[in-house]
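Here are my notes from a first look around this structure. Come along and keep the view open beside you.

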Amino acid sequence: MELNRRTVMAGAAAAGLAATTLGTGSARAATGPAGRRPAKELFGTLADGTRVYRWSLENGGTRLKVLSYGGIVQTLEIPDRHGRHANVVAGFDNLADYVAKSPYFGALIGRYGNRIGKGRFTLDGKAYQLSVNDGVNSLHGGAKGFDKHVWHVEPFTKGSDVGLHLHYTSVDGEMGYPGTLRTKVTYTLTRHGDWRIDYEATTDRATVVNLTSHVYWNLAGEGSGTIEDHELSIAASRYTPTDPGLIPTGELARVAGTPFDFRHAKPVGRDIRAGHEQQVQAKGYDHNWVLDKGITARPEHVATLRDPRSGRTLRIATNEPGLQFYSGNFLDGTLAGTGGRTYRQGDALCLETQHFPDSPNHAHFPSTVLRPGQTYRTSTMHAFGA
Ligand code: GLA
C-alpha cells in the first residue's frame with residue numbers, strides 16, 4: 001500500500017519528528033504569507049510592437065522574475081546561510097540584449113532541447129529537415145526556438161502555491177517540425193520556496209519533443225566569478241560521449257575513472273582541466289548524463305549543486321532520463337549581465353533535465369516521439385537550501 005502524506009505526517013508526529021523535515025525535501029521551512037498573486041510590469045517592446053511583460057513571484061523566501069518573452073527566468077533570488085538574498089541566475093537587465101545576443105539565458109527551450117544531428121530525422125518513414133543553427137546541426141529548436149517567442153502568461157495562486165501558466169502554440173512545420181504543438185509550461189513557487197516546472201504538450205501529427213529550461217546558475221550570485229568551486233553530484237554511471245559537433249556518438253560510456261564521474265560530490269573545477277578528449281572537444285563539460293534512475297513516474301532526486309562559501313544548495317529532481325551539464329564554456333567575457341558585470345568562461349553553469357540529445361537518430365535512446373492523442377508530461381523540481 002502506498003503511504004499517503006497524511007499517514008506519513010501522523011507517523012512523524014507520533015515519532016516526535018518535525019513536520020518541516022518531510023514533504024518536498026526542502027531544508028528551509030516556509031516563511032511569510034503564501035499565495036500572494038504574481039504581479040506584472042512592462043519590460044520592453046519588440047520591434048513588431050509586441051509588449052513583453054515581467055512577472056514577479058515570491059514564496060517561501062524565493063523571489064522569481066519571469067519574462068513573457070521565452071518564458072525567461074530573468075532573476076531568481078534565494079538566501080544564503082545568513083539569510084542574505086542574492087540573484088543566482090545569469091541574465092540581462094534589458095529586452096534588447098535578450099533578443100540580440102542571449103545564449104539562452106534562463107529560457108524555455110523547444111521544440112527540442114540540445115542538438116539534432118544535421119537537423120535531420122525520419123519518423124514513420126518520412127524524412128524531416130529542421131532549421132540548422134549550430135554549424136550543420138539544429139540546436140535548441142532551430143533559429144527561432146521557443147526561447148524567442150512571446151508566451152501567453154496566466155498567473156495563479158493555488159493553496160499555498162503561487163505560479164504562472166505559460167502557453168505557446170507552435171504551428172505545423174515551424175522550424176521544420178511536423179504537427180501543431182500546443183505547449184503549456186507551469187512555473188510554481190511552493191511555500192517552501194522551491195521552484196517546480198511542469199511541461200505539457202499535445203500534437204495533431206506525430207512529432208518529436210524535448211522541452212527543457214536553460215537557467216544558468218551561480219549560487220554565489222550572478223556575476224560573482226567562477227562556478228569551479230561549486231560542488232556538484234549527479235546520480236549517473238554513464239554519459240553520452242559526442243562527436244566534435246557535440247552530437248552523441250550513440251555510446252553510453254561509463255563515467256568511472258573519468259572526469260565525468262560526479263557520483264560523489266566534487267568541485268566542478270577539480271577535473272575540468274584533465275584533458276580528456278571529450279572535454280577538450282567541448283571546451284569543458286557539455287554532455288548529457290544518463291541518469292541511473294531512468295524515466296520515472298514522478299520526479300526523483302538526480303543532482304545537487306552547492307556553493308561552499310554561501311552555503312546555498314540546489315537539489316534537482318526530475319522524471320526525465322537525462323541531464324545536460326554545461327559548464328558555461330562559450331561565455332567569453334563579451335556579455336554584461338543584470339548586475340553590470342561581464343560573464344567569462346565558467347561564470348555560470350546549466351543543469352538541463354531532458355531526454356538525450358539527437359534521440360530521433362538513435363533507436364536505443366528513450367523515445368522523444370509524441371503522437372496525436374498522447375500528452376507529453378515532464379516535471380522538474382528545484383529545491384533550495386542554505
Ligand atoms: C547547451 C548546449 C551548449 C550550448 C549552450 C548554449 O547547453 O549543450 O553546447 O549551446 O546550450 O550556449
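Before the sheet, a word on terms: I count two strands as paired if DSSP finds at least two bridges between them. Helices (H or I, at least four residues) and strands (E, at least two) are DSSP runs, numbered from the N terminus.

**Ground rules.** I am reading a predicted model, where local features need pLDDT of at least 70, side-chain atom pairs count only at pLDDT 80 or more, and totals for chains, interfaces and linings use all residues. Residues are numbered from 1 along each chain as its sequence is written.

**Entry 1: the whole chain.** I looked up the secondary structure of the protein chain and found three helices and 30 strands. Along the principal axes, its C-alpha atoms fill a box of roughly 60 × 55 × 50 Å. Of the 386 residues, 47% are buried (20 or more other C-beta atoms within 10 Å of a residue's own, with C-beta atoms placed from the backbone; 12 or fewer is exposed, in between is partly exposed).

Entry 2: In which order do the six strands of the open sheet stand? I read E17-E28-E25-E22-E19-E20, with antiparallel pairing. Strands E17 (216-217) and E20 (253-254) are at the edges with a single partner strand each, so one side of each has no neighbour in the sheet.

**Entry 3: walking across it.** I started at strand E19 (residues 236-240), which runs antiparallel to strand E22 (residues 286-291) and is joined to it by four bridges. Thr240 has Asn288 in E22 as its bridge partner. E25 then pairs with strand E28 (residues 349-354) in the antiparallel sense over five bridges. There, Gly322 is opposite Gln354 in E28.

**Entry 4: strand E25.** Is E25 enclosed or open? Five of the five residues of E25 (residues 322-326) are buried, so the strand is largely enclosed by the rest of the structure. Gly322, Gln324 and Tyr326 point one way, while Leu323 and Phe325 point the other way.

**Entry 5: the ligand.** Which residues surround the ligand? I noted Pro103, Tyr104, Asn114, Leu139, Leu246, Asp286, Gln324, Tyr326, Phe330 and Cys350 (near means a C-beta atom, placed from the backbone, within 6 Å). By class, this shell has seven nonpolar, two polar and one charged residues. Here Ala, Val, Leu, Ile, Met, Phe, Trp, Tyr, Cys and Pro count as nonpolar, Asp, Glu, Lys and Arg as charged, and the others, Gly among them, as polar.
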